[in-house]
Amino acid sequence: MQEKNRGLALFTLLIYILLLSPLLIIAATSFEPGTIMKFPPQGFSLKWYENIFKQSMFMETFKISIMVSLVGNLFALLIGIPAAYALSRFDFKGKEAWNSLFISPILIPGIVMGFTMLKYLIVAYQLPMMTALFIGHTVIMLPFTIRVIASSLSNFDFSIEEAALSLGSSRLKTFFIVVLPNIKSGILAAIIIAFLDSFNNVEISVFMTGPGVSTFPIQMLSYLENHFDPTLAAISVLLMLLTMVLLFLIERLLGLSYFTKR
């Protein structure tokens, strides 16, 4: 039994090494003092981290990506929460068709989706590029929002809602007071997943950006075309740290709210 546990522990360790080694390599190369990305690094320097904040293009596109992801996430929630509730709560004609429609942005290749949006939103309807970018990111976030919230609703006991309705509460009031608080963890998970997918998106963004409007990943690709220094490795490390901090804070907030209720 002990040999089996040791074998499992060794196998788990190897999996962790395989998963984390690329991240450790990127982190190491970000401290390379030279002008070319190397591993192992030939020294230690923080100048490439400093270079990130000297490049105004990185700061501007980072703000745009954050704004697009947050606003798109808000619209995805406004559409996705009622859609997920309707698909989980009711049986109606055309339910499968609506479900397939909401899932389709995941099934269609991103390049095809991006080119289609470029053709219709920008070329045909001549929408401003920023508006088209908001719409595009809302569309790609919607399937994740609906699927995650619908999964949370599948574990919700709708008899609680029916009890509130039988006691005289309106359906809308019941939804906000009874249903939403019970699926808030699913909503939060949907927000995080959709935000990360939007922030890192390239396939849609590359068609929705142009002069004066660009997203952070597109700017990173443009920088890589002309430079091969460790700046992008430094950016990757900062993004990993930012993600870890945000997840830690969210986990602490959820844990705090849970124990406060108890």
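A salt bridge is a side-chain nitrogen of Lys or Arg within 4 Å of a carboxyl oxygen of Asp or Glu. In this predicted model, Arg89, Glu161, Glu162 and Arg171 are linked in a network of such salt bridges. The structure holds five salt bridges.

The side chains of Glu162 and Arg89 meet at 3.5 Å, N to O. Glu162 belongs to helix H7 (residues 158-166) and Arg89 to helix H3, so this pair ties together parts that are 73 residues apart in sequence. Glu162 is partly exposed, at 44% relative accessibility. Arg171 and Glu161 form a salt bridge of 3.7 Å, N to O. Here helix H8 supplies Arg171 and helix H7 supplies Glu161; the two residues are 10 apart. Their accessibilities were also computed. Arg171 is partly exposed, with a relative accessibility of 40%. Glu161 is buried, with a relative accessible area of 0%.

A further salt bridge joins Lys54 to Glu50, with 3.4 Å between the closest N and O atoms. Both residues lie in helix H2 (residues 47-54), four residues apart, a separation of about one helical turn. Lys54 is exposed at 59% relative accessibility. Glu50 is partly exposed, at 45%.

A search of the whole structure finds 15 aromatic pairs. One of them, Tyr85 with Phe175, is edge-to-face. Tyr85 lies in helix H3 (residues 56-89) and Phe175 in helix H8 (residues 171-182), so the pair ties together parts 90 residues apart in sequence. Tyr85 has a relative accessible area of 8% and is buried. Phe175, at 12% relative accessibility, also counts as buried, because buried means under 20% relative accessible area.

Phe195 and Phe199 form a stacked pair, with 6.0 Å centre to centre and 20° between the planes. Both residues lie in helix H9 (residues 184-199), four residues apart, or about one turn of the helix. Phe199 is buried, with a relative accessible area of 7%. Phe195 and Phe199 are also part of one aromatic cluster, together with Phe58, Phe62, Phe216 and Tyr223.

One backbone feature concerns a loop residue. Most residues other than glycine have a negative phi. Gln126, a residue other than glycine, has a positive phi, near 55°. Gln126 is placed in the loop between helix H5 (110-124) and helix H6 (129-153). Gln126 counts as exposed, at 65% relative accessibility.

Notes:
Residues are numbered from 1 along each chain as its sequence is written. This is a predicted model: local features need pLDDT of at least 70, side-chain atom pairs count only at pLDDT 80 or more; totals for chains, interfaces and linings use all residues. Side-chain values use heavy atoms; hydrogens and water are left out. Rings of Phe, Tyr and Trp (its six-membered ring) pair if their centres lie within 6.5 Å; planes under 30 degrees apart count as stacked, over 60 as edge-to-face and the rest as tilted. Buried means under 20% relative accessible area, exposed over 50%, partly exposed in between (1.4 Å probe, protein chains only).
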